[in-house]
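Please read this briefing alongside the sequence and the coordinates.

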Amino acid sequence: MKIRIKGNTIRYRLTKSEVEKFCETGYFKEQTEFETTLFSYELKARKEIDKLEADFDNNTVTVYFPEADSIEWATNNIVGFNSIYKTKTGKELSILIEKDFVCMDETVEDQTDNYPNPKA
């Protein structure tokens, strides 16, 4: 799972096997180990919501995903989900969760588990 953060925007991209695992378990997590701190980012299915929500606590970015949408995401044609989440302070946080497609340009990263690019 890749994370991209810019300003008040969070974007996760998941490979095919990551989407499948998330849909099976309702949870997926990645970690980056720094010298003094472990940074984590995770995706959690939640029953009581109908759109994406997010929080940051204990060095972890958590995006909450509506459980109803997670059930068939691995097997349907929906590329991703996005929403604008209003924080308790009234700020807007843009959240995007999507399937990771093979890049059209040359890249050195392993893309064997990515979804086929529909533009290829």
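This is a predicted model: local features need pLDDT of at least 70, side-chain atom pairs count only at pLDDT 80 or more; totals for chains, interfaces and linings use all residues.

Residues are numbered from 1 along each chain as its sequence is written, and side-chain values use heavy atoms, with hydrogens and water left out.

The protein chain has 2 helices and 8 strands, where helices (H or I, at least four residues) and strands (E, at least two) are DSSP runs numbered from the N terminus. Along the sequence these elements follow the pattern β-β-α-β-β-β-β-α-β-β.

**Overall figures**

- Of the 120 residues of the protein chain, 34% count as buried, a term that means under 20% relative accessible area, with exposed meaning over 50% and partly exposed the range in between (1.4 Å probe, protein chains only).
- The accessible surface of the protein chain comes to about 8000 Å², and carbon and sulfur atoms contribute 47% of this surface; the areas come from the Shrake-Rupley method with a 1.4 Å probe, and for residues only the protein chains shown count as cover.
- Among contacts in the protein chain with a separation of 6 or more, 39% are between residues 24 or more positions apart, a contact being heavy atoms within 4.5 Å.

- Strand E6 (residues 60-66) is largely enclosed by the rest of the structure, because 7 of its 7 residues are buried.
- Thr 60, Thr 62, Tyr 64 and Pro 66 point one way from E6, while Val 61, Val 63 and Phe 65 point the other way, and all of these residues are buried.
- Strand E4 (residues 38-46) pairs with E6 in the parallel sense over 7 bridges, given that two strands pair if DSSP finds at least two bridges between them; within this pairing, Glu 42 has Thr 62 in E6 as its bridge partner.
- Strand E5 (residues 53-57) runs antiparallel to E6 and is joined to it by 5 bridges, and Ala 54 has Val 63 in E6 as its bridge partner.

**The turn between E5 and E6**

- E5 and E6 form a hairpin with 2 residues between them.
- Asn 58, found in the loop between E5 and E6, has a phi near 55°, a positive value in a residue other than glycine, and it counts as exposed at 66% relative accessibility.
- Asn 59 also has its place in the loop between E5 and E6; its phi is near 60°, again a positive value in a residue other than glycine, and with a relative accessible area of 35% Asn 59 is partly exposed.

- Strand E7 (residues 80-86) and strand E8 (residues 92-99) pair in the antiparallel sense over 7 bridges, and Ser 83 stands opposite Ile 95 in E8.
- The hairpin formed by E7 and E8 has 5 residues between the strands, and Gly 90 in the turn has a positive phi of about 90°.
- Gly 80 lies in strand E7 and counts as partly exposed at 29% relative accessibility; leaving aside its neighbours within four places in sequence, Gly 80 is in contact with Trp 73, Ile 97 and Glu 98.
- Asp 100, in the segment after E8, is buried with a relative accessible area of 1%.
- The side chains of Asp 100 and Lys 2 are joined by a polar contact of 3.0 Å, that is, a pair of N or O atoms within 3.5 Å, of which, within protein, one must be able to donate a hydrogen and the other to accept it, residues adjacent in sequence counting only if both atoms are side-chain atoms.
- Gly 80 and Asp 100 are 20 residues apart in sequence, and their C-alpha atoms are 9.4 Å apart in space.

**Aromatic rings**

- The structure holds 6 aromatic pairs, where rings of Phe, Tyr and Trp (its six-membered ring) pair if their centres lie within 6.5 Å, planes under 30 degrees apart counting as stacked, over 60 as edge-to-face and the rest as tilted.
- One of these is the edge-to-face pair of Trp 73 and Phe 81, with 5.6 Å centre to centre and 70° between the planes; Trp 73 is buried with a relative accessible area of 0%, and Phe 81 is buried with 15%.
- Ring pairs link Phe 22, Phe 65, Trp 73 and Phe 81 into a cluster.
- The charged end of Arg 46 sits over the ring of Tyr 64, 3.7 Å from its centre, the criterion being that NZ of Lys or CZ of Arg is within 6 Å of the ring centre and within 35 degrees of the ring normal.
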